[in-house]
Amino acid sequence: MAALFYEPSTRTRLSFETAMHKLGGTVVGTENAREFSSAAKGERLEDSIRVISGYGMDVIVLRYHEEGGAERAQLSSSVPVINAGDGAGQHPTQALLDLYTIRAKFKSLEKLNIVLSGDLANGRTVRSLCYFLAKHYPDNRIHLVSPAQTRMKDDVKKYLKQHGVTFTESDELESVVSTADVIYQTRVQKERFHNDAALFTEVAKASEKLAITKKVAKRMKKEAIIMHPLPRLAEISLDVDGDSRAFYFQQAQNGLFVRMALLKMIITGY
């Protein structure tokens, strides 16, 4: 497996690499490929992928800093390319482990109240999760909660409507906390604000009222769960970690199992 990460990653990169090792495979790759690969010399992604896929790889795991990177790579690759995140676009393997986490808890992926909270405009994990839910599990009710500046983009909302998914939009968490089965929290994606410090500060301030504290958690259903793709900043208080409904560390661990399964399916065909 070639692991090419043009953006920082801890969980995704290490879980993919660990998954490959546990399956008996080997890993080669570059962390921070924008700086420590020929990309720093101006090489096009397509050329890099064409060369690397010819080195006897079975699969390439790619995180790219621009939307559509994985699709561009696949068009130039002779082996499968797994999208490990492309800018503010998609993160499909995260969505798979998110679905697995929800199903493991509720034994179902249908008729749930799912709150997606935080920076929904730039958070690729929630975008991918919406696409999966809409395509395969449209009977859920989705609540999109975010500051006005970072609302879910129109392409995702259009997709939800096309697939008959009921969803709401709001800038406050109060009205949905007590009825939620899942609260999927996300951080403000500072790296997506393109050095607009003023806008980032504005969004970060607006996001403070969406934080999950111990007080907020007390209002949640006993069987509900709190999820987060991590890294976690101030949007979930540290004192919530001991709550039995805090599932984000189990969620991260599930990423290893899901990615092992995905790699096995792609490489062996079953």
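## Glu46 and its salt-bridge partner

Glu46 is buried, with a relative accessible area of 13% (buried means under 20%, exposed over 50%, partly exposed in between, using a 1.4 Å probe and protein chains only). Its partner in a salt bridge is Arg44, and their closest N and O atoms lie 3.5 Å apart. A salt bridge here is a side-chain nitrogen of Lys or Arg within 4 Å of a carboxyl oxygen of Asp or Glu. Arg44 counts as partly exposed, at 47% relative accessibility.

## About the model

This is a predicted model, where local features need pLDDT of at least 70 and side-chain atom pairs count only at pLDDT 80 or more, while totals for chains, interfaces and linings use all residues. Residues are numbered from 1 along each chain as its sequence is written, and side-chain values use heavy atoms, leaving out hydrogens and water.

The structure holds 16 salt bridges. One of them joins Glu208 to Lys205, with the closest N and O atoms 3.6 Å apart, and both residues are exposed. Shared partners also tie Arg44, Glu46, Asp47, Glu66 and Arg72 into one network of salt bridges.

## Strand E3

Now look at strand E3, residues 60-64: five of its five residues are buried. Helices (H or I, at least four residues) and strands (E, at least two) are DSSP runs, numbered from the N terminus. Ile60, Leu62 and Tyr64 are on one side of E3, with Val61 and Arg63 on the other.

E3 pairs with strand E1 (residues 2-5) in the parallel sense over four bridges; two strands pair if DSSP finds at least two bridges between them. Arg63 in E3 is the bridge partner of Phe5.
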